[in-house]
Amino acid sequence: MKKYIGLEEMSNVNCSSVLNVIRNCGTVSRKQISDITGLSWGGMTKIVNKLFDHGYIVEEKDESVSGAGRTPGLIRICEKKNVVIGLDLNREGFEAYVMNLCGDVLKEYSKDIYYEGKEELLQFILEFTGEIVQEFKEKNILSIGIAMQGVLDIEKGVSVKFPHCPDWNHVPIKAILEQKFGIDVFVEHDPNCMLYSRLMDEESENMLLFRLDRSIGMAASVNGEILRGNGLMEVAHCIVVPDGKSCRCGKKGCIEAYLAPGLEGGRLNEQALQELLDPLVVLIYNMVRVFHSDTVILTGKLIKYRTALEKELIERFYQYCEKSEVAVRLVEETELAVQGAALIAVQGAIDRLQI
Ligand SMILES: [Zn+2]
């Protein structure tokens, strides 16, 4: 680890923290920035001017104040020049958002994909991203956030496995895209992206998110931070019914063994759904206890059939705890992952600001 931090780095750190304050506040005065960051007036002014010069912020003049003289206005993030790209690369298709630093979505993209192997899939990813980069070449694209399915090594930005792509093995997706486009890339598990997107919207900082389709993905936040680590949060093969249904992993009673038949052939199987409810509720409740969560978000393909399961699932869950302890919400997954990926790209761009 570096022991010393250079002046230039310090200035970048300060630029990031000022921009974060402006982003979190919406609109803010210079005095407030100085108070919140603890920067001196001179130091703050220097940074604010730098951010103006690079098109990160704008000043809103207070039109209601008449008379001569310069009235320092409120500062907010500039929505025009700087943008990020959020990608959701999943087995059914690709989604993308181009988002400005205010969080406004400027354009949405969606593409069905068919791939037989690694080369084809990689080609799809590069073409899809390339088209977006080309279309927004007039803007300053700061970063790309990617929500990915399968096994990931987040630290290295390596996609270890991708669903239904047998020869996809340890693909350095971050390095490939950074080299091709010259833009910072952040890779993240798709449930983490979904949770990140909800963290921006919900009051809670201690949340659990479950993505339910033929398997299960989980993400957890504690005090507003998403818990990360290779191999963590893998709940698909948690045993929820001793000696229960046989699972593809060779064991019996895993939650996945109960989930998989629920959406067999892309349709809801009512019988399987009934058998799923108790094991699922047990898993959710246990995880709530482990992570001390106060909010549970359920999303994924299964939630498309919410009318078939919401009432019973909620009723069974509250056999174990009080409604006031834990809120359970079913949220349609549409765009959660791509939105989260774009928001992660925004945060990454601000944290890595170099001007
Ligand atoms: Zn299993």
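Biologist: Is the crossing of α2 and α3 left-handed or right-handed?

Modeller: Before the answer, please keep in mind that this is a predicted model. The crossing of α2 and α3 is right-handed. As for its geometry, helix α2 (residues 30-37) and helix α3 (residues 41-53) pack at an angle of about 115 degrees, and their axes lie 10 Å apart. Angles of 65 to 115 degrees count as roughly perpendicular, which means that α2 is roughly perpendicular to α3.

Biologist: Which residues make that contact, and how do they divide by class?

Modeller: On the side of α2 the contact is made by R30, I33, S34 and T37, while α3 contributes W41, M44 and V48. Sorted by class, the contact of α2 with α3 has four nonpolar residues, two polar ones and one charged.

Biologist: How does one check the span of a helix, taking α6 as the case?

Modeller: The expected span is 1.5 Å times one less than the number of residues. Helix α6 (residues 190-201) has 12 residues and should therefore span 16 Å, and the 17 Å between its end C-alpha atoms agrees with that.

Biologist: How many residues of α6 are buried?

Modeller: A residue is buried if 20 or more other C-beta atoms lie within 10 Å of its own. In α6 this holds for 10 of the 12 residues, so the helix is largely enclosed by the rest of the structure. Among the buried residues are P191, N192, L195, R198 and L199.

Biologist: At what angle do α6 and α10 pack?

Modeller: The angle between α6 and helix α10 (residues 336-351) is about 75 degrees, with the axes 7 Å apart, and the two helices are therefore roughly perpendicular to each other. The contact involves D190, C193, M194, Y196, S197 and M200 of α6, together with L336, A337, Q339, G340, A341, L343 and I344 of α10. These residues divide into nine nonpolar, three polar and one charged.

Biologist: What is the arrangement of α8 and α9?

Modeller: Helix α8 (residues 270-291) and helix α9 (residues 306-317) cross at roughly 45 degrees, their axes coming within 10 Å, and that makes α8 oblique to α9. The crossing in which α8 passes α9 is right-handed. From α8 the contact takes L273, L277, D278, V281, I284 and Y285, and from α9 it takes A308, L309, E312, L313, R316 and F317. By class, the contact of α8 with α9 has nine nonpolar, no polar and three charged residues.

Conventions: Residues are numbered from 1 along each chain as its sequence is written. This is a predicted model: local features need pLDDT of at least 70, side-chain atom pairs count only at pLDDT 80 or more; totals for chains, interfaces and linings use all residues. Axes are lines fitted to C-alpha atoms, for helices over the stretch in contact, and angles run from 0 to 180 degrees between N-to-C directions. Helices (H or I, at least four residues) and strands (E, at least two) are DSSP runs, numbered from the N terminus. Angles under 35 degrees count as roughly parallel, over 145 as roughly antiparallel, 65 to 115 as roughly perpendicular and the rest as oblique. A crossing is left-handed if the near helix is turned anticlockwise from the far one by less than a right angle, and right-handed if clockwise. Two residues are in contact if their C-beta atoms, placed from the backbone, lie within 7 Å. Ala, Val, Leu, Ile, Met, Phe, Trp, Tyr, Cys and Pro count as nonpolar, Asp, Glu, Lys and Arg as charged, and the others, Gly among them, as polar.
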